[in-house]
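Look at the model first, then read on.

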Amino acid sequence: MAYIFKQIKFKFFGLLPIFLLLYVSLNGSSIVDLNFFSVNIHYILVYYWVLSKPDSLGYGLIFISGLISDVVFGLPLGANALSLLIIAAFAAYARALRVRTTLINDWVSFIPALLIGNFVYFFTLQILDYDISYLYLFQNSIFTFILYPLFWGIFSIILNLTRS
């Protein structure tokens, strides 16, 4: 009986990244917008799970999640999906180069992923003649970078629950 419960727990925590990704996309909460700052949880979620456990989130699921997020936010179709795929590509590249898993290594390698992902997002919206708030995008990038360690800690706990 304990073995069956342990297997159910492993399956649940193994599927948790997919549930989180779909919840963030469908709920429209990929960007948590508070009074003074906003954080793009979608970027952090995709980057961490592709970097730490790449078989938990597939690229097709990430793309579909981005399309759903575009529909929910009313953005041109593919803008968010393309930037999420860029974030995932940087995470896969950082995973290939990484020797040891530490917060500092992951946090520093998140900088170019965030910059290029937001540049692709900005460029896609600029080409499609969509109104962009530059200050909002810059502020979102800064606070997404600052709050990455908090989410790294939360996701590391979830990852450890799947392994133990």
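Which helix gives the most to the lining of the second largest pocket? The answer is α6, with six residues. This is a predicted model: local features need pLDDT of at least 70, side-chain atom pairs count only at pLDDT 80 or more, and totals for chains, interfaces and linings use all residues. Residues are numbered from 1 along each chain as its sequence is written, and side-chain values use heavy atoms, without hydrogens and water.

**The pocket**
- A pocket is an open set of points on a 1 Å grid over the protein atoms alone, where a 1.4 Å probe fits, with protein on both sides within 12 Å along at least five of seven lines; lining residues have an atom within 4 Å of a point.
- About 220 Å³ of space lies in the second largest pocket.
- Both α5 (103–127) and α6 (134–146) supply at least two lining residues each.
- Helices are DSSP runs (H or I, at least four residues), numbered from the N terminus.
- The lining includes Leu114, Asn118, Tyr134 and Phe138.

**Ile111**
- Ile111 sits in helix α5 and also lines the second largest pocket.
- Its relative accessibility is 34%, so Ile111 counts as partly exposed.
- Partly exposed lies between buried (under 20% relative accessible area) and exposed (over 50%), with a 1.4 Å probe and protein chains only.

**Lys6**
- Lys6 belongs to helix α1 (residues 2–27).
- Lys6 is partly exposed because its relative accessibility is 41%.

Key. Points joined across faces, edges and corners; volume = space filled by probe spheres on them.
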